Amino acid sequence: MDYVNSLLDLIGNTPLLALSRSLDRPEDAAEGPLVLAKVEYLNPGGSVKDRIATRMIEAAEASGELQPGGTIVEPTSGNTGVGLAMVAQAKGYKCIFVCPDKVSEDKRNVLKAYGAEVVVCPTAVAPEHPDSYYNVSDRLASQPGAWKPDQYSNPHNPRSHYETTGPEIWRQTEGRITHFVAGVGTGGTISGIGRYLKEQNPNVQVIGADPAGSVYSGGSGRPYLVEGVGEDFWPDTYDRGIADRIIEVSDADSFAFTRRLAREEALLVGGSSGMAAFAAKQLAAELAGTPEGKDAVIVVLLPDSGRGYLTKVFNDDWLATYGFPTGSESEEGRTVGE
Ligand code: PMP
């Protein structure tokens, strides 16, 4: 019989899928770069963050920071929360997540469904107020038995990618990968995978995709709407020497391409996936027709599913509120099929 005893054994070993229609390659195009998407929503918790959750928890168990019956406290409402809640449940830990009141009820309910406790803090108070998001999470994390993973400074975040995602990509491409593209949030994904790939072959190009306005592409943290990527500070988990290049992508391009991936590749993914894939497509277009492009193999990591964004990226009214194109326009404003 073919089965596993723990859900945790289902984390990782996600497939690579070749992108096709969404690349807009002319039918008669000569061989061009192969663009392969690493589909991370197929992890059991629905995102790439399952990988870091397992590794951070296992390392804290080994170091004694997390003891049997302990409580995991993290200020997060997103994918890292789901990963931590799932791993915590499988291993018998309590989980408390602290999130600001602007976080949607749906997101909070996902965490609660896994058995986690969610503490909601008012957004409308100053950071020094005792009820602020920062103070509440610090207070909870200082309780006996509590442990805070802190994905922005925990070295096991990039390490999980160095140990799992990087080797998977190298093996799956039989060492033929030439370019790796990923969005940058904590920087764990790009730093861990980038380091592993460059150790195997120093010629592999590592490309970060970043929302226009974020620090990684030279901005000051100006607001952008794509979630999970871009920062207004430099996290410890980001290796500032790893990226050979950063491609800046606007919200409009990220969202339009996210929708194209669903319609043209049947890949229902989140906005940060659309952003990274848009950057990969731009890179493929630059390489097409060049001697280097013929054998280029571009791998782009797609972090999560589009299910969590049905009321945003996939909702015409929401897009229209921000003045983004809806319908079936492509990123250049063309209508597909014209
Ligand atoms: N996309 C989404 C949806 C995310 O939640 C994250 C993590 N913040 C990322 C991309 C970026 O990954 P990393 O933190 O490893 O840079």
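**Reading helix contacts and a ligand shell**

Colleague: Is the crossing of helix 5 and helix 6 left-handed or right-handed?

Modeller: The crossing of helix 5 and helix 6 is right-handed. A crossing is right-handed if the near helix is turned clockwise from the far one by less than a right angle, and left-handed if anticlockwise. Helices are DSSP runs of H or I with at least four residues, numbered from the N terminus. This is a predicted model, in which local features need pLDDT of at least 70 and side-chain atom pairs count only at pLDDT 80 or more, while totals for chains, interfaces and linings use all residues. Residues are numbered from 1 along each chain as its sequence is written.

Colleague: At what angle do helix 5 and helix 6 cross?

Modeller: Axes are lines fitted to C-alpha atoms over the stretch in contact, with angles from 0 to 180 degrees between N-to-C directions. For helix 5 (residues 156–172) and helix 6 (residues 188–200), the angle is roughly 50° and the axes come within 7 Å. Helix 5 and helix 6 are therefore oblique to each other, oblique being what remains after under 35 degrees (roughly parallel), over 145 (roughly antiparallel) and 65 to 115 (roughly perpendicular).

Colleague: Which residues make the contact?

Modeller: Contact means C-beta atoms, placed from the backbone, within 7 Å. Among them are Tyr 162, Ile 169 and Trp 170 of helix 5, and Ile 193, Tyr 196 and Leu 197 of helix 6. The contact divides into 8 nonpolar, 10 polar and 2 charged residues. Nonpolar covers Ala, Val, Leu, Ile, Met, Phe, Trp, Tyr, Cys and Pro; charged covers Asp, Glu, Lys and Arg; the others, Gly among them, are polar.

Colleague: Is Thr 164 buried or exposed?

Modeller: Thr 164, found in helix 5, counts as buried because it has 21 C-beta neighbours inside 10 Å (buried is 20 or more, exposed 12 or fewer, partly exposed in between). Leaving out residues up to four places away in sequence, Thr 164 touches Gly 12 and Arg 51.

Colleague: How do helix 1 and helix 2 pack?

Modeller: Helix 1 (residues 49–63) and helix 2 (residues 79–91) have axes 8 Å apart, at an angle of about 50°. That makes helix 1 oblique to helix 2, and their crossing is right-handed. The contact includes Ile 52 and Ile 57 of helix 1 with Val 82 and Leu 84 of helix 2. By class, this contact has 7 nonpolar, 4 polar and 3 charged residues.

Colleague: Which residues come nearest to the ligand?

Modeller: A residue is near if its C-beta atom, placed from the backbone, lies within 6 Å. Of the 16 residues around the ligand, Gly 185, Thr 186, Thr 189, Gly 228 and Ser 272 come nearest. The shell has 3 nonpolar, 11 polar and 2 charged residues.

How values were computed:
Helices (H or I, at least four residues) and strands (E, at least two) are DSSP runs, numbered from the N terminus. Two residues are in contact if their C-beta atoms, placed from the backbone, lie within 7 Å.
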